[in-house]
Amino acid sequence: MITISISMIVKNEEKHLARSLDSLRDLWDELIIVDTGSTDNTRKIAAEYTSHVYDYQWRDDFAHARNYAFSLAQCDYIYAPDADEVLDTQNLRKFSQLKQTLPPEIEIVQMIYVNQHNYQTT
């Protein structure tokens, strides 16, 4: 079975973070939260889910922040949802099945998710 790092970049996501993480809780083998300067309770909420909460000084470069977060991951695959994304029940089940059966030659997987506005996007 593959292992999955959930890698999130967050800033001031106290309204959405717990909902997102609750929807992903059974998937991750490792959860990494990189905070880019929150002034709300985002870090406190993140710490309830993982000890892997890191500070990152924002450089006005999303790719650099994402690459930093990815560099901390130790698992076979990285799933990088936004803090307002929720994996619905159907796709949670599919993702769990995928985790059990994904062949090692597969490098990228895309799935449908529901964001805070309830739009179906990939």
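**Figure 1. Alanine 69 in helix H3 of the predicted model.** Alanine 69 belongs to helix H3 in this predicted model. Residues count as buried under 20% relative accessible area; alanine 69, at 0% relative accessibility, is therefore buried. Leaving aside residues up to four places away in sequence, alanine 69 is in contact with Ser7, Ile9, Ile32 and Val34. Between the C-alpha atoms of alanine 69 and leucine 27 there is a separation of 18 Å, and the two residues are 42 residues apart along the chain. Helix H3 itself spans residues 62-71 and lies across E1, E2, E3 and E4, at about 145° to E1.

**Figure 2. Serine 7 in strand E1.** Serine 7 is part of strand E1. With a relative accessible area of 0%, serine 7 is buried. Residues touched by serine 7, not counting those up to four places away in sequence, include Arg66, Ala69 and Phe70. Ile32, Ile78, Tyr79, Ala80 and Pro81 are also among the residues that serine 7 touches.

**Figure 3. The parallel sheet.** An open sheet is formed by 4 strands, in the order E3-E2-E1-E4, with parallel pairing. From one strand to the next, the twist averages 25°. Strands of a sheet pair through backbone hydrogen bonds. Strand E1 (residues 4-10) and strand E2 (residues 30-35) run parallel and are joined by 6 bridges. Within this pairing, methionine 8 has isoleucine 33 of E2 as its bridge partner.

**Figure 4. Helix H1 against the sheet.** Helix H1 (residues 17-24) packs on the sheet and touches E1, E2 and E4; the direction of H1 makes about 170° with that of E1. The residues Leu17, Ser20, Leu21, Ser23 and Leu24 of H1 are buried. Because these residues cover an arc of only 160° around the axis, they lie on the same side of H1. The packing partners of the buried H1 residues are E1, E2, helix H2 (42-47), E4 and H4.

Figure 5. Helix H4 (residues 89-101) contains 13 residues. From its first C-alpha to its last, H4 reaches 19 Å, close to the 18 Å expected at 1.5 Å a residue. Asn91, Leu92, Phe95 and Lys99 are the buried residues of H4. These residues cover an arc of only 105° around the axis and therefore stand on the same side of H4. Thr89, Gln100 and Thr101, on the other side of H4, are exposed. The buried residues of H4 pack against E1, H1 and E4.

Figure 6. Leucine 21 touches Met8, Trp28, Leu31, Ile33 and Tyr49, not counting residues up to four places away in sequence.

Definitions and conventions: Residues are numbered from 1 along each chain as its sequence is written. This is a predicted model: local features need pLDDT of at least 70, side-chain atom pairs count only at pLDDT 80 or more; totals for chains, interfaces and linings use all residues. Side-chain values use heavy atoms; hydrogens and water are left out. Two strands pair if DSSP finds at least two bridges between them. Helices (H or I, at least four residues) and strands (E, at least two) are DSSP runs, numbered from the N terminus. Axes are lines fitted to C-alpha atoms, for helices over the stretch in contact, and angles run from 0 to 180 degrees between N-to-C directions. Contact means heavy atoms within 4.5 Å. The expected span of a helix is 1.5 Å times one less than its number of residues. Buried means under 20% relative accessible area, exposed over 50%, partly exposed in between (1.4 Å probe, protein chains only). The arc is that of the directions from the helix axis to the C-beta atoms.
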